[in-house]
Amino acid sequence: MNRIALVAITVLIAAPLGTVYAQTPAPPAKPAKPAPRPAPSLDFLRHDPATQGVLLLIPGGNERGIPTNTTRRIVTRSGDGVTVTDAPEATEPPKRTPAQYAEAIKRRVAISGNLSAIVPLTMAVLAKNPPPADPYSDMAFDERFLMMLSKLSRAQWVQATSENGIGLGDMTPEQREIYAGLWGEDGATVTTNRTAPRKEGQRYRETTELKKETFNANEVRFRFSRRVSFTFEDAARKRKYGGGTVGYESPAEPEADGSTLKQYFNQPGGYRRFTEEGEAKAYGITLMRYVPNTLKPGDLSLDAPALAAPVMLDGTQKTVGELLAAASKATGIELRADRRLLSLPALMKTVSGGQSVKAGDLLKLICRSTTSTFRHLRGANAADPGLYLLTDDREGLGTRLARLDEWAKDAYEKRRKILQDATDACAENEPLDVLGFMPGDKYALSPDLLKASDDVLREKGGYSEGLKISPAKLSPELREKMDEQVKGLNEYGSSAKVRTDQIEVKTDFHCDWVLPGKRVFKAQFYGEMGWGMLDKIALPKARRPKYVDREKRDHPEPSGFPKNLKRRVLVAPLPADDAGTLALMQSARAKGFNEIWLRVEGDNEEVRTRLSSAVTNGRTVPLAVGAVLPWTLKMPEGEGANAEEDINILGETGAQVWAVQEKRPTTADETDAAPRDYRNAAMREQKAQTAGWIVPDAALAARRIAPFLGIPGLSGVVLESTAPPGYTGARYSFSYEGETAMGYTNATRLGCVRAMNIDPVDVAGYGFRLGNTPRLPFFSDSYGVMAPVADFRLGQNKAFMAGLWEALRPTPTGTPIYLDNRNAGGYSQYPFYARWSDPKKVPNVPENAYEEAPVRTAAFKASTEPLLSSRGIPWYSSGGYYWDKWYKDTRSAASQWRGFVVDLRYQSPEQIADFLKQLPDDAAPAAPIKSAGVPKKP
């Protein structure tokens with residue numbers, strides 16, 4: 001047996017062999033239970049704990065310094081954490097020392113007191129104050145290639161469409177410098193690989209590299225052409241499916257032994273995200289690097305007298321969490337670990353009965369083993385000393401990553417503009433006039449079809465629908481490719497039944513690399529020059545048409561309410577005076593609304609007086625009147641103004657975030673009133689969902705709400721802002737740009753750690769501005785910790801809502817209370833309002849709900865009286881889409897909901913008046929809805 005492969009020792013007990021004398025066949029034996037496998041241990045190492053102290057190994061991490069034996073893995077990772085694998089059997093006495101074993105797995109032995117641990121050699125650290133980012137640095141290959149294409153003249157574009165294409169010798173000095181830089185010193189490579197036939201029981205075929213050729217920039221030419229792509233329609237489901245660009249590659253012919261030979265062109269990779277040492281980079285700056293593993297600065301003094309308390313290590317502590325529990329019990333200090341560290345296995349070698357070590361020594365080597373430190377979270381009150389959390393750094397991992405994403409914002413925007421300018425420069429050469437199919441291309445469109453396809457692009461611009469034709473107009477070769485794609489789509493999903501009597505045909509930009517000997521390889525682009533490149537450059541900027549929704553709609557014009565829709569509610573801001581309120585209600589009544597909910601910004605007596613006047617005037621219209629209170633969890637002006645404001649992951653209040661956002665430049669065309677009006681409405685909504693959040697206080701909220709419930713005649717009080725962004729149960733809304741997500745106060749963090757073993761400041765998702773995602777070895781699992789934090793904050797909010805319900809119950813009023821769909825900071829195509837009649841039931845909308853059915857299910861779980869809502873007004877360029885959805889939603893509301901709400905709470909008075917004018921007059925409006933009375937007790 002290979003001694004290097006030993007990771008555990010097993011005593012093999014051989015059963016004695018006897019002689020079988022039976023003359024008849026023995027009855028079938030019951031299946032024997034598999035013999036228990038040996039538990040992972042460090043017994044295979046030559047270490048005497050009686051004289052050398054306890055030996056500890058905490059395997060984990062998934063990038064560098066992982067204790068994965070060079071010949072045999074001893075840990076595996078999954079979405080649930082780290083699991084120690086079964087150890088192989090050993091028949092020889094252990095020979096290696098801990099130091100020798102540590103060297104083999106690229107670790108080292110660290111000693112503190114009478115405790116030794118096999119710890120990683122290095123630890124990953126994130127940059128905290130990086131220098132300014134360079135938007136040109138670390139660009140992907142296709143981004144740099146696009147930059148070079150933007151420098152080509154029209155004549156060079158024409159040359160690039162020739163069979164031999166264009167190369168270094170055909171370029172200007174500036175172009176040559178960019179092109180040569182694409183390939184670097186190593187150039188491009190072509191590998192010839194042999195793939196063996198799959199053997200029985202083999203999951204993958206074995207591939208062997210037979211030959212590798214290198215080509216410098218002077219030998220790699222490129223040429224342009226077009227390729228055809230199809231789009232298919234599923235008429236029954238009213239969906240479209242892209243078949244993708246027609247493929248030209250034929251499968252490799254097998255050799256006599258069943259193996260295949262294939263050549264691959266290898267162009268340099270995308271973003272240079274990691275150096276050879278594994279250090280993450282963005283915009284030319286190293287953001288994550290590896291340094292020697294040492295004790296990090298922390299909030300817990302590991303040499304403090306209190307940590308001299310003895311901890312008995314007897315082998316019963318199997319995880320990091322159990323080790324910390326033992327130390328916590330010995331010292332009286334609350335010690336916890338991030339859940340990504342909590343379940344890491346702890347292997348130890350100790351004497352029978354255990355050995356005593358100082359708590360401080362144990363904690364030092366746990367920190368070294370997990371490259372972590374202790375962060376202090378202060379207690380909830382004077383009697384609570386708080387806790388110490390084992391985590392990566394004193395500052396939150398999510399906070400540091402969010403700050404890095406903020407650092408990248410300027411460079412990200414500059415790079416985006418650089419690439420857009422490069423794309424626009426390519427379009428100035430009018431590629432539609434230049435690009436064609438290669439001579440002899442059997443998958444080319446006929447000249448007539450190509451012209452017709454280009455005419456569609458010229459008329460409708462990029463990303464428009466393709467040329468709709470009968471497949472009979474295609475060549476036999478293209479028809480065959482079309483049939484292949486149809487077959488693939490129908491096999492991919494049984495629900496896809498695409499039309500074959502009509503298809504959409506488009507063409508896309510294609511690039512080939514041409515090597516000496518006229519060897520041609522398809523260029524692979526995945527980013528800026530990926531699929532859809534021709535749509536981007538089809539027309540010069542000055543000739544691109546504005547977007548217009550040209551898709552055929554069933555009901556593209558404004559329509560009235562269906563007669564069987566009993567409840568029709570308009571939500572609008574409370575006008576500035578009684579005359580304006582009366583005029584608004586009269587207009588709403590004429591269009592078929594029988595109820596109006598007026599949104600009020602304040603909670604003072606003057607506001608309540610105006611609402612009372614609206615109720616009185618509503619009886620003459622007639623129109624029922626309700627009130628929308630958008631400030632349930634917002635900072636009040638008077639009482640409670642000193643309440644603690646909620647903060648985001650960067651430690652900013654909503655007001656601080658909004659102050660910055662108001663100063664950001666806008667890309668809206670200020671010469672066009674319609675985009676400007678939409679932007680202003682969007683900013684009002686964003687401000688309402690950003691500024692002023694406070695830590696939940698049910699008693700304070702109830703004192704502000706109760707006077708409105710006492711206004712006689714109100715048809716309802718609608719509570720908005722009952723769930724701040726971050727408290728709605730959204731599990732995948734954590735991003736580095738978490739500026740508007742709240743829930744990072746010390747009280748929230750402390751509660752979350754005690755309940756979920758996660759500090760919210762250590763959670764962050766993908767940062768799109770960085771262009772990469774630095775992942776620390778022991779903290780690479782981001783998504784696994786999002787759900788627990790989301791569940792905790794949702795639970796906090798539900799507890800607040802239950803408290804608010806109890807606080808409001810003594811109110812002597814029969815005014816119904818409604819809640820919105822509480823998707824704060826999120827998006828749903830089907831928002832709704834629901835009557836609140838059960839303290840345990842609050843709306844909890846599915847994330848990014850694009851289908852009505854799951855939203856309706858969630859709505860009826862929250863209430864027996866949910867009302868479907870339409871939010872906002874039609875965008876000036878896509879009115880047909882809006883009114884088509886309006887028609888379908890109002891009919892759905894009439895048959896499957898309890899009513900329909902038109903939510904214009906963030907629109908200006910001018911926008912609301914214009915919207916109402918578009919609706920047809922209602923010939924026989926229904927009677928106004930009366931107050932529904934006192935809700936039944938749950």
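Contact here means heavy atoms within 4.5 Å. The model is predicted: local features need pLDDT of at least 70, side-chain atom pairs count only at pLDDT 80 or more, and totals for chains, interfaces and linings use all residues. Residues are numbered from 1 along each chain as its sequence is written, and side-chain values use heavy atoms, with hydrogens and water left out.

**View 1. Glu-528 and the residues it touches.**
Glu-528 sits in the loop between strand E22 (519–522) and helix H14 (533–537). Helices (H or I, at least four residues) and strands (E, at least two) are DSSP runs, numbered from the N terminus. Leaving out residues up to four places away in sequence, Glu-528 touches Asp-142, Glu-143, Leu-146, Leu-419, Met-533 and Lys-536. Phe-141 lies 387 residues from Glu-528 along the chain, yet their C-alpha atoms are separated by 9.5 Å. Glu-528 counts as partly exposed because its relative accessibility is 24%. The classes are buried (under 20% relative accessible area), exposed (over 50%) and partly exposed (in between), with a 1.4 Å probe and protein chains only.

**View 2. Thr-373 in strand E18.**
Strand E18 covers residues 373–377 and includes Thr-373. Thr-373 is buried, because its relative accessibility is 4%. Its side chain reaches the backbone oxygen of Pro-297 at 3.1 Å. That is judged as a polar contact: a pair of N or O atoms within 3.5 Å; within protein, one must be able to donate a hydrogen and the other to accept it, and residues adjacent in sequence count only if both atoms are side-chain atoms. Neighbours within four places in sequence aside, Thr-373 is in contact with Lys-296, Pro-297, Gly-298, Cys-367, Leu-389, Leu-390, Thr-391, Asp-392, Asp-393 and Arg-394.

Most residues other than glycine have a negative phi, and most peptide bonds are trans. Thr-371 is not a glycine, but has a positive phi of about 45°. Thr-371 lies in the loop between helix H8 (359–370) and E18. With a relative accessible area of 7%, Thr-371 is buried. Glu-430 also has a positive phi, about 50°, although it is not a glycine. Glu-430 is found in the loop between H10 and helix H11 (431–434). Glu-430 is partly exposed, at 23% relative accessibility. From Val-621 to Pro-622 the peptide bond is cis, with omega near -5°. Pro-622 belongs to the loop between helix H16 (605–620) and strand E25 (624–629).

Side chains of opposite charge can pair when their charged atoms come close. A salt bridge is a side-chain nitrogen of Lys or Arg within 4 Å of a carboxyl oxygen of Asp or Glu. This rule gives a count of 57 salt bridges. One of them joins Glu-174 to Lys-151, with the closest N and O atoms 3.5 Å apart. This pair links distant parts of the chain, 23 residues apart: Glu-174 is in helix H5 (residues 173–183), and Lys-151 is in the loop between helix H3 (141–149) and helix H4 (154–160). Glu-174 is partly exposed at 44% relative accessibility, and Lys-151 is partly exposed at 36%. Arg-221 and Asp-170 also meet through their side chains in a salt bridge, at 2.8 Å from N to O. Here 51 residues separate Arg-221, in strand E9 (residues 221–234), from Asp-170, in the loop between H4 and H5. Asp-170 is partly exposed, at 28% relative accessible area.

Arg-416 and Glu-413 form a salt bridge through their side chains, at 2.5 Å from N to O. The two are separated by about one helical turn, because they are three residues apart in helix H10 (residues 409–427). Arg-416 is partly exposed at 48% relative accessibility; Glu-413 is partly exposed at 35%. Elsewhere, salt bridges that share partners join Arg-599, Glu-601, Glu-720, Arg-871, Asp-903 and Arg-905 into one network.

**View 3. The open sheet E8-E7-E11.**
Three strands form this open sheet, in the order E8-E7-E11, with antiparallel pairing. Strand E8 (207–215) and strand E11 (260–266) stand at the edges with a single partner strand each, so one side of each has no neighbour in the sheet. Two strands pair if DSSP finds at least two bridges between them. Eight bridges join strand E7 (residues 188–195) to E8. Thr-191 has Lys-212 in E8 as its bridge partner.
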